[in-house]
Each structure stands twice: as C-alpha cells, then as structure tokens.
Amino acid sequence: MSNIHCAFEHGKAFIPFITCGYPDIETTKAVVREAVKNGADLIELGIPFSDPTAEGVVIQSANYSALKTGITTDKVFDMVRELRNDIHIPMVFMTYANVIFSYGTKRFISTCRDIQIDGIIVPDVPFEEKDEFLPECKRYGVDLISMIAPTSEDRIAKIAHEAEGFLYIVSSLGVTGTRSEITTDLKAIINVVRKHTSIPCAIGFGISTPEQAKRMSEISDGAIVGSAIIKILAEYGSDSPVHVGEYVRSMKNAVHTVRH
C-alpha cells in the first residue's frame, strides 16, 4: 500500500493540481511548499505534454508554456527529489501515456518509486488498457489511479473493485476547467463506488470555489482543483506562491467543515 491513504485519514482531503515548470521550476517548488503549508493533503503534479487531451484551455496553455521554456521529465524528477527533502505528504503525477512510453515505462515508474511519487494518473489510458502500466506499477509500489467519468456507467463497479490509491471521480463531461455549476448525478456514481471498494474517492474537473469544494466533499472524500490554481499562476507569475497558498487555505477550510 502506498502513502496515498494518509491524505484521507484526517477528514476530507483537498488536492491541488500544479503544472510542473509553469511559469518556471522555481515557482513550482515554491507553490508546492505554500500549498502544503496551507493545508493541501495530497499534491497532484502535472508533467507537461504537447497534446494534453483531458485539459481545457487554461491547463493546455500552461503545458505549452512549460514545454517552450524547456521543462523535461528529468527536470520534473529532479524537482521532486529536492521537494522530498521537506515535503512528506503524498504526491502523484498526472501525465499522458506517450510521456511514459517515450521515457521508458520501467524507467519512468521505477524512478517514481525512487523519488517517492506515490501514484500516477494517466487520463488517456482507458481502464481496459491499464495493463500497459499496471505490472510495472505493482512491481515498484506505485499506485495506478483510476478515473471514473459520468460515461463509465456499467464499468463503474469493476473500476472501483480494482482501484488503487484513490479513485478520481470526473465531475462532468468534457475537459478540465472551471464551471459555474456541476449537474452530474455524482451521488449515484459514488453510491456504486462505495458498494465495491473502501478506497477513497475525490472529485475533480470544474471545481473552483470553496462552496463547490464543500459540496463535492459532502458526497465524496475530497476535492481536486487544477484550472483555478493555474489561473492564479497565469495572473501572478513568480509572485504566485503566496496567492496560491491563500487559495488553498480557503479551499481546505471549506472541505474541513464537512464531517468525515
């Protein structure tokens, strides 16, 4: 078992997503530290990719910018090595299959183990094709985190039954990005999940306000936020860490008020 369960042991979890290397690697490190200082329970680190199909325009733009300024998978690994000197909460990567394949699957996942990355999320790999990565993940003790979407339907039970780390519940159809309203019947999805696994589930895609985070945490084990954080990075650049810290604190306070 990885350390991911630790993120959910003390109440509802708040999980910020951060695109590595945007606007630069030093800012990423500072943002991670501020997020942890202000209550983040798990950090989701995005490894930039040229065709991030699950992302909306905000995170796409951050990916392109990071790649343009020279971010590489090795630089992300080096950054995590440094962060692990003082950051001890769980951290996971979100990236795409081609990033892992081009690096070498065994080499990528074994390095995740070595730098204490607890899990990976690969949104362009369907559940039915997870064996592309699962054997190496098992070998090196890195959780392969599954996603459940509103379109998963009859597959929800099977995905939940075989889940590792935590389940990423996609709030709505489409790509990442802030939404004024989330209308998917997430409670029904989570009811099915609860029947088939005790692994925690957190909701992401479209969450941007404390009110939304609280509402999502009332029916799940936590909330994941990405685009709203990347918007702060876009606005404030290298001055972002303090602003991200304030935002994380407001979101953590919102989910913390929900009973476990």
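Guide: A salt bridge is counted where a side-chain nitrogen of Lys or Arg lies within 4 Å of a carboxyl oxygen of Asp or Glu, and a search of the whole structure finds 15 salt bridges. This is a predicted model, in which local features need pLDDT of at least 70 and side-chain atom pairs count only at pLDDT 80 or more, while totals for chains, interfaces and linings use all residues. Residues are numbered from 1 along each chain as its sequence is written, and side-chain values use heavy atoms, with hydrogens and water left out.

Visitor: With which residue does aspartate 114 form a salt bridge?

Guide: Its partner is arginine 113, and the closest N and O atoms of the two are 2.7 Å apart. Arginine 113 has a relative accessible area of 41% and is therefore partly exposed, since buried means under 20%, exposed over 50%, and partly exposed in between (1.4 Å probe, protein chains only).

Visitor: Which side chain does glutamate 128 meet in a salt bridge?

Guide: Glutamate 128 meets arginine 155, at 2.7 Å from N to O. Because glutamate 128 lies in the loop between S4 and H6 and arginine 155 in the loop between strand S6 (147-148) and helix H7 (156-161), the pair ties together parts that are 27 residues apart in sequence. Helices (H or I, at least four residues) and strands (E, at least two) are DSSP runs, numbered from the N terminus. Glutamate 128 counts as exposed at 52% relative accessibility, and arginine 155 as partly exposed at 31%.

Visitor: Where in the chain are lysine 138 and glutamate 164?

Guide: These two form a salt bridge whose closest N and O atoms are 2.7 Å apart, and the pair links distant parts of the chain, with lysine 138 in helix H6 and glutamate 164 in the loop between H7 and strand S7 (167-170), 26 residues apart. Lysine 138 is exposed at 55% relative accessibility, whereas glutamate 164 is buried at 12%. Elsewhere, a network of salt bridges links Glu26, Lys29, Arg33, Glu82 and Asp86.

Visitor: Is lysine 130 buried or exposed?

Guide: Lysine 130, in the loop between strand S4 (119-121) and helix H6 (134-140), has a relative accessible area of 12% and so is buried. Apart from neighbours within four places in sequence, lysine 130 is in contact (heavy atoms within 4.5 Å) with Val125, Leu144 and Glu162.

Visitor: How many bridges join S2 to strand S3?

Guide: Two strands pair if DSSP finds at least two bridges between them; S2 and S3 (residues 91-94) run parallel and are joined by four, with glycine 46 opposite methionine 94 in S3. Strand S1 (residues 13-19) also pairs with S2 in the parallel sense, over three bridges, and there threonine 19 stands opposite glycine 46. From S2 (residues 43-46), Ile43 and Leu45 point one way and Glu44 and Gly46 the other, and all are buried.

Visitor: At what angle do helices H9 and H11 pack?

Guide: Two packed helices are described by the angle between their axes and by the distance between the axes. Axes are lines fitted to C-alpha atoms, for helices over the stretch in contact, and angles run from 0 to 180 degrees between N-to-C directions. Helix H9 (residues 210-219) and helix H11 (residues 240-256) pack at about 35°, with their axes 8 Å apart. Where they meet, Pro210, Ala213, Lys214 and Ser217 in H9 face Ser250, Met251, Ala254 and Val255 in H11 as contacting residues.
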